[in-house]
Amino acid sequence: MPQREITLRFLAEPTAVNFGGKVHGGAVMKWIDEAGYACAAGWSGRYCVTIYVGGIRFHQPIHIGDMVEVCARIIYTGRTSMHVAVQVSAGDPKTDNRRDTTQCIIVFVAVDDNGHSVAVPAWEPRDDADIALQSYAKNMMALGKEMEQNAIPFGGIASGAKS
Ligand SMILES: CC(C)(COP(=O)(O)OP(=O)(O)OC[C@H]1O[C@@H](n2cnc3c(N)ncnc32)[C@H](O)[C@@H]1OP(=O)(O)O)[C@@H](O)C(=O)NCCC(=O)NCCS
C-alpha cells in the first residue's frame with residue numbers, strides 16, 4: 001500500500017520574507033503545492049499536475065526562523081484525481097510548540113508521459129475521521145465544479161481573444 005501522508009519540515013528562511021517582515025503568502029502556497037505534489041506522486045507512482053486549489057485559509061502568520069511543518073494527506077481519490085488536504089504549522093524551533101497557520105485542499109491528477117490523465121490507486125477511509133475528511137473533499141469538489149459554471153467573466157482577455 002503506498003504512503004498516504006507526508007510531512008515536510010524546514011526552517012523559514014529570510015528569502016521568504018514579505019514587505020511586512022513575515023513569511024510571504026506566496027512562499028506558503030509554494031510549500032503547500034510541493035508537499036501536495038510529493039504526497040500525490042507517492043500515492044500514484046506517477047507525475048501529477050495540480051487541477052484545483054481551494055479552501056485556502058491563512059489563520060496566523062509564519063515568522064522568519066520558525067520551524068515549519070507542512071503535512072499533506074490523501075483524503076479522497078476518484079478515478080484519476082487525488083484530493084490532498086494540507087495543513088501548515090509553525091513555531092519556535094527551540095520548543096515543540098507549533099501553531100496551525102494555514103490549511104488548504106489541492107486536487108492533483110496523475111498523468112502519463114503524454115500528459116493524459118491516468119487511473120490512480122483507490123484510497124479507502126478507515127475510520128470516522130477519514131470519512132469526515134472524504135465527505136469534506138466531496139463537498140469541496142461539488143463547490144469547485146459549481147464555481148466553474150460561474151467562471152470569472154474576463155470577457156476573453158485571458159484567452160487572448162482581445163488585445
Ligand atoms: C489535468 C488534465 C490533463 C486533466 O484533463 P482531463 O483528463 O481531460 O480532465 P477531466 O475533466 O477528465 O478531469 C480529470 C479529473 O479532475 C477532476 N476535476 C476536474 N475539475 C475539478 C474540480 N474543480 N475540483 C475537483 N476535481 C476536479 C475530475 O473530476 C477528474 O477526476 P476523476 O478522474 O478522479 O473523476 C488537464 O486538465 C490539464 O492538463 N490541466 C492543466 C494542469 C496544469 O498545468 N497544472 C498546473 C501546473 S502543475
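A nonpolar core is a set of buried Ala, Val, Leu, Ile, Met, Phe, Trp, Tyr and Cys residues joined through C-beta atoms within 7 Å. A residue counts as buried if 20 or more other C-beta atoms lie within 10 Å of its own, with C-beta atoms placed from the backbone. Welcome to this structure, a predicted model in which local features need pLDDT of at least 70, side-chain atom pairs count only at pLDDT 80 or more, and totals for chains, interfaces and linings use all residues. Residues are numbered from 1 along each chain as its sequence is written.

The largest nonpolar core holds 33 residues, and Ile 32, Val 84 and Val 86 have the most contacts inside it. Helix H1 (25-44) and strands S3 (67-77), S4 (81-91) and S5 each give two or more residues to this core. Helices (H or I, at least four residues) and strands (E, at least two) are DSSP runs, numbered from the N terminus. Apart from neighbours within four places in sequence, Ile 32 touches Val 70, Val 86, Val 88, Cys 104 and Ile 106; contact here means C-beta atoms, placed from the backbone, within 7 Å.

Now for the strands. S4 is mostly covered, with nine of its eleven residues buried.

| Pair | Sense | Bridges | Facing residues |
|---|---|---|---|
| S3 and S4 | antiparallel | ten | Ile 74 and Val 84 |
| S4 and S5 | antiparallel | ten | Ser 89 and Asp 100 |

A hairpin of three residues links S3 to S4.

How values were computed. Buried ≥ 20, exposed ≤ 12 C-beta atoms within 10 Å, placed from the backbone. Contact = placed C-beta atoms within 7 Å. Pairing = 2+ DSSP bridges.
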